[in-house]
Amino acid sequence: MDDTEGRVLPPAGFSWGFDIDSASRITLQQVQTLTAVDRDTHLPYLRTSHPGLVFDKWQPGSEP
């Protein structure tokens, strides 16, 4: 990455996944919309893992 600032603008957030039970059966989880609070809980990890990037706060309803 060069010396210019990398800026991350969050357009949306969602989660998905699956569970595996003791009989190895897979159950899909519903896709869920995440909130700004959900995303913000990950910001310390993201900032530590990617120090060259700037993570803007999510402003629901606003456009970049």
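Predicted model: local features only at pLDDT ≥ 70, side-chain atom pairs only at ≥ 80, totals over all residues.
Two remarks on conventions before I start. Residues are numbered from 1 along each chain as its sequence is written, and side-chain values use heavy atoms, with hydrogens and water left out.

The overall layout, then. The chain has two helices and four strands, where helices (H or I, at least four residues) and strands (E, at least two) are DSSP runs numbered from the N terminus. Along the sequence the pattern reads β-β-β-α-α-β. Of the 64 residues, 14% are buried; buried means under 20% relative accessible area, exposed means over 50%, and partly exposed lies in between, with a 1.4 Å probe and protein chains only. The accessible surface comes to about 5600 Å², and 57% of that belongs to carbon and sulfur atoms. These areas come from the Shrake-Rupley method with a 1.4 Å probe, and for residues only the protein chains shown count as cover. As for contacts, meaning heavy atoms within 4.5 Å, take those between residues at least 6 apart in sequence: 37% of them join residues at least 24 apart.

β2 covers residues 14-20 and β3 covers 26-33. The two strands run antiparallel and are joined by six bridges; for strands to count as paired, DSSP has to find at least two bridges between them. S24 is a residue other than glycine. Its relative accessibility is 57%, so S24 counts as exposed.

How many of the eight residues of β3 are buried? The number is zero, so β3 lies largely in the open. L28, in β3, is exposed, with a relative accessible area of 69%. T27, also placed in β3, is partly exposed at 48%. Across the pairing, D19 stands opposite T27. Leaving aside neighbours within four places in sequence, T27 is in contact with F18 and D19. G17 and T27 are 10 residues apart in sequence, and their C-alpha atoms are 8.8 Å apart.

Together with F18, I20 and I26, L28 makes a nonpolar surface patch of about 470 Å². The elements giving two or more residues to the nonpolar patch are β2 and β3. For the record, patches are made of residues with over 30% relative accessible area and no salt bridge; like charges are joined within 9 Å, and nonpolar side chains (Val, Leu, Ile, Met, Phe, Trp, Tyr) within 5 Å. As a reminder, in a regular strand the side chains alternate between the two faces of the sheet.

Next, charges. The structure holds three salt bridges, each defined as a side-chain nitrogen of Lys or Arg within 4 Å of a carboxyl oxygen of Asp or Glu.

Which parts of the chain does the pair of R7 and D56 link? R7 is in strand β1 (residues 6-8) and D56 is in the segment after β4 (53-55), 49 residues apart. Their side chains meet at 2.4 Å, N to O. R7 is partly exposed, at 45% relative accessibility.

D21 and R25 form another salt bridge, at 2.9 Å, N to O. D21 is partly exposed, with a relative accessible area of 31%, whereas R25 is exposed at 54%.

The remaining salt bridge is between D40 and R39, at 3.9 Å, N to O. D40 counts as partly exposed at 21%, and R39 counts as buried at 14%. R39 belongs to helix α1 (residues 36-40).

R39 also brings us back to D56. A polar atom of the R39 side chain lies 3.0 Å from the backbone oxygen of D56. That is a polar contact, a pair of N or O atoms within 3.5 Å; within protein, one must be able to donate a hydrogen and the other to accept it, and residues adjacent in sequence count only if both atoms are side-chain atoms.
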